[in-house]
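The sequence and structure are shown first, and a short account follows.

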Amino acid sequence: YMVLLPFLIHTDSPEKVCVQLTHLNESVTLSAMLEYQGENRSLIDDVVSEKDVFTCIPFSLPKSNSTSIAFITVMVKGVTLQFRSRKSVLVQNSESLVFIQTDKPVYKPGQTVLFRIISLDKDFYPLNEKVE
């Protein structure tokens with residue numbers, strides 16, 4: 001089996017955990033649980049009957065007061081096959097970058113200053129934020 005999850009998860013941002021199971025010879029129950037800020041959230045609880053499966057489960061986490069730790073637990077249970085894996089991941093609030101650009105590098109007295117403000121996320125995609 002293989003579980004793929006980023007080590008650093010950003011809040012209010014779409015994330016996903018992916019699970020790959022190969023060479024299964026029986027039906028198993030696949031479950032994934034996310035523990036964050038004292039809450040347990042079930043991400044998946046499904047019966048898998050295929051021999052090979054690859055699935056990704058989307059999720060997002062709410063903002064917190066500070067950087068924290070979350071735990072992901074993946075369990076596979078069958079008649080003869082059972083395993084459990086619990087790993088910790090770092091959770092950080094997503095940050096944005098703000099760029100302010102003027103239309104000229106130098107202005108003369110009395111000229112109108114034109115500018116634009118662009119707010120980008122950690123991947124440099126535009127955000128729909130109002131700066132007040």
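## The disulfide

C56 is partly exposed, because its relative accessible area is 32%, a value that falls between the 20% and 50% limits of that class. The model in which this residue is described is a predicted one. C18 has a relative accessible area of 8% and is therefore buried, the limit for that class being under 20%.

These two cysteines, C18 and C56, are joined by a disulfide with an S to S distance of 2.0 Å. The torsion about the S-S bond of C18 and C56 is about 105 degrees, so the disulfide is right-handed. A search of the whole structure returns one disulfide.

## Secondary structure and overall form

The protein contains 10 strands and zero helices. Its pattern along the sequence accordingly reads β-β-β-β-β-β-β-β-β-β.

The radius of gyration of the protein is 22 Å, whereas a compact globule of 132 residues would have a value near 14 Å. Along the principal axes, the C-alpha atoms occupy a box of roughly 80 × 30 × 20 Å. Of the 132 residues, 29% are buried.

## Domains

Two domains are given by the domain assignment of the protein: domain 1 covers 2-93 and domain 2 covers 96-131. The C-alpha centres of domain 1 and domain 2 are 40 Å apart.

## A nonpolar surface patch

Which residues form the nonpolar patch on the surface? The patch consists of V98, I100, V113, F115 and I117, and together these residues have about 490 Å² of accessible area. Strands β9 (97-102) and β10 (115-120) each contribute at least two residues to the nonpolar patch.

V113 lies in the loop between β9 and β10. Is V113 buried, partly exposed or exposed? Its relative accessibility is 43%, and V113 therefore counts as partly exposed. Membership of a patch requires over 30% relative accessible area, and the 43% of V113 is its value on that scale.

Terms used:
Residues are numbered from 1 along each chain as its sequence is written. This is a predicted model: local features need pLDDT of at least 70, side-chain atom pairs count only at pLDDT 80 or more; totals for chains, interfaces and linings use all residues. Side-chain values use heavy atoms; hydrogens and water are left out. Patches are made of residues with over 30% relative accessible area and no salt bridge: like charges are joined within 9 Å, nonpolar side chains (Val, Leu, Ile, Met, Phe, Trp, Tyr) within 5 Å. Accessible areas come from the Shrake-Rupley method with a 1.4 Å probe; for residues, only the protein chains shown count as cover. A salt bridge is a side-chain nitrogen of Lys or Arg within 4 Å of a carboxyl oxygen of Asp or Glu. Helices (H or I, at least four residues) and strands (E, at least two) are DSSP runs, numbered from the N terminus. Buried means under 20% relative accessible area, exposed over 50%, partly exposed in between (1.4 Å probe, protein chains only). Domain bounds come from an automatic or database domain assignment. A disulfide is a pair of cysteine sulfur atoms within 2.5 Å. The radius of gyration is taken over C-alpha atoms; the globule rule is 2.2 Å times the number of residues to the power 0.38.
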